[in-house]
Amino acid sequence: MDLVRNSPTSSSARTVTPMNIVPATDLPAGVHLGLTVFFTVLYTMLFVTIFIQMFRLLYYQHKLFSYQSVFLFLCLVWAALRIDLFTFYYQNVKLANSLPRGWYFILYALPVCLQYVTLSLLVLYFCRVWLKAKERAEDPRVRQRYQKARTLLYVVWVFLILLMFAANLISSLEYTKEKPDTQIIHFRVAITEGLFLLNAFALGGFVMTIYKTTSA
């Protein structure tokens with residue numbers, strides 16, 4: 001939630017400071033309250049739905065550590081963080097937009113990281129399905145090659161997640177300064193958007209490949 005406003009020293013200059021993230025204060029009070037209530041209710045409904053799904057996993061004794069359970073847990077934490085963020089807007093908008101570094105990272109940057117981990121988890125799942133199909137080849141050398149590719153996949157997956165967290169953490173620390181370096185913030189935006197696009201294209205590619213394989 002980045003906001004830009006005119007610098008007090010120049011009408012044409014634009015600066016980004018942690019105290020400037022206040023677009024909601026420019027809205028009428030009724031609109032601001034309505035949007036806050038809408039998003040709070042939306043995320044609460046999402047939280048309850050995911051919680052019920054996780055309870056069903058426990059009730060029917062599914063595997064606790066699986067792609068489905070981890071996916072639901074990440075979505076649950078993401079929804080909970082969004083609910084916490086929007087509850088700040090009920091009382092003090094400026095406080096919600098000028099939080100200390102730790103809370104700023106938890107409420108603003110961490111949800112973005114969780115979204116990326118959730119998306120990359122889907123990519124990892126479909127990639128594993130594709131690799132398992134390739135490992136059924138009769139040639140032992142072909143099977144060994146794809147087994148090595150699966151190991152490399154895990155390494156790349158962990159590296160990209162760490163890169164996402166590092167970029168957002170550094171940007172959060174910089175963003176909460178009185179005079180943040182906008183180049184670092186732009187670098188974080190480039191890294192974040194690039195990784196999301198990479199995963200989106202990879203997910204689409206694996207889904208289409210698996211679909212064509214099963215349809216053949």
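Modeller: Helices here are DSSP runs of H or I with at least four residues, strands are E runs of at least two, and both are numbered from the N terminus. The model is predicted, and local features need pLDDT of at least 70, side-chain atom pairs count only at pLDDT 80 or more, while totals for chains, interfaces and linings use all residues. Residues are numbered from 1 along each chain as its sequence is written, and side-chain values use heavy atoms, with hydrogens and water left out.

Colleague: Okay, the overall layout. In what order do the elements of the chain run from the N terminus on?

Modeller: The secondary structure comes to six helices and two strands. Reading from the N terminus on, the order is β-β-α-α-α-α-α-α.

Colleague: And what share of the 216 residues in the chain is buried?

Modeller: Buried means under 20% relative accessible area, exposed over 50%, and partly exposed in between (1.4 Å probe, protein chains only). Of the 216 residues, the buried share is 36%.

Colleague: Among contacts between residues at least 6 apart in sequence, what percentage joins residues at least 24 apart?

Modeller: A contact here means heavy atoms within 4.5 Å. With partners at least 6 apart in sequence, the part joining residues at least 24 apart is 67%.

Colleague: How many disulfides does a search of the whole structure find?

Modeller: A disulfide would need a pair of cysteine sulfur atoms within 2.5 Å. Cys-113 counts as buried at 0% relative accessibility, and Cys-127 counts as buried at 6%. As for disulfides, the search of the whole structure comes back with zero.

Colleague: On to the aromatics. Are the rings of Phe-39 and Tyr-43 stacked or tilted?

Modeller: Rings of Phe, Tyr and Trp (its six-membered ring) pair if their centres lie within 6.5 Å; planes under 30 degrees apart count as stacked, over 60 as edge-to-face and the rest as tilted. The structure holds 13 such aromatic pairs. For Phe-39 and Tyr-43, the centres are 6.3 Å apart and the planes are at 25 degrees, so this pair is stacked.

Colleague: Which helix holds both Phe-39 and Tyr-43?

Modeller: Phe-39 counts as partly exposed at 29% relative accessibility, while Tyr-43 at 13% counts as buried. They are four residues apart, so about one helical turn separates them, in helix H1 (residues 29–59).

Colleague: Which helices does the Trp-130 and Phe-206 pair tie together?

Modeller: Their ring centres are 5.9 Å apart with planes at 50 degrees, so the pair is tilted. The two residues are 76 apart in sequence, so the pair ties together separate parts, namely helix H4 (residues 101–135) and helix H6 (residues 182–215).

Colleague: How far apart are the end C-alpha atoms of helix H5?

Modeller: The expected span of a helix is 1.5 Å times one less than its number of residues. With 36 residues, helix H5 (residues 140–175) should span 52 Å, and the model agrees, because its end C-alpha atoms are apart by 52 Å.

Colleague: Same check for H2: what separates its end C-alpha atoms?

Modeller: H2 has 22 residues and should span 32 Å. Its buried residues include Leu-72, Trp-78 and Phe-86.

Colleague: Is Leu-131 buried or exposed?

Modeller: Leu-131 sits in helix H4. Not counting residues up to four places away in sequence, Leu-131 touches Tyr-146, Ala-149, Arg-150 and Leu-153. With a relative accessible area of 3%, Leu-131 is buried.

Colleague: Last one. Which residues is Ile-106 in contact with, leaving aside neighbours within four places in sequence?

Modeller: Ile-106 lies in helix H4 and is partly exposed, with a relative accessible area of 30%. Beyond those neighbours, its contacts are Leu-81 and Pro-111.
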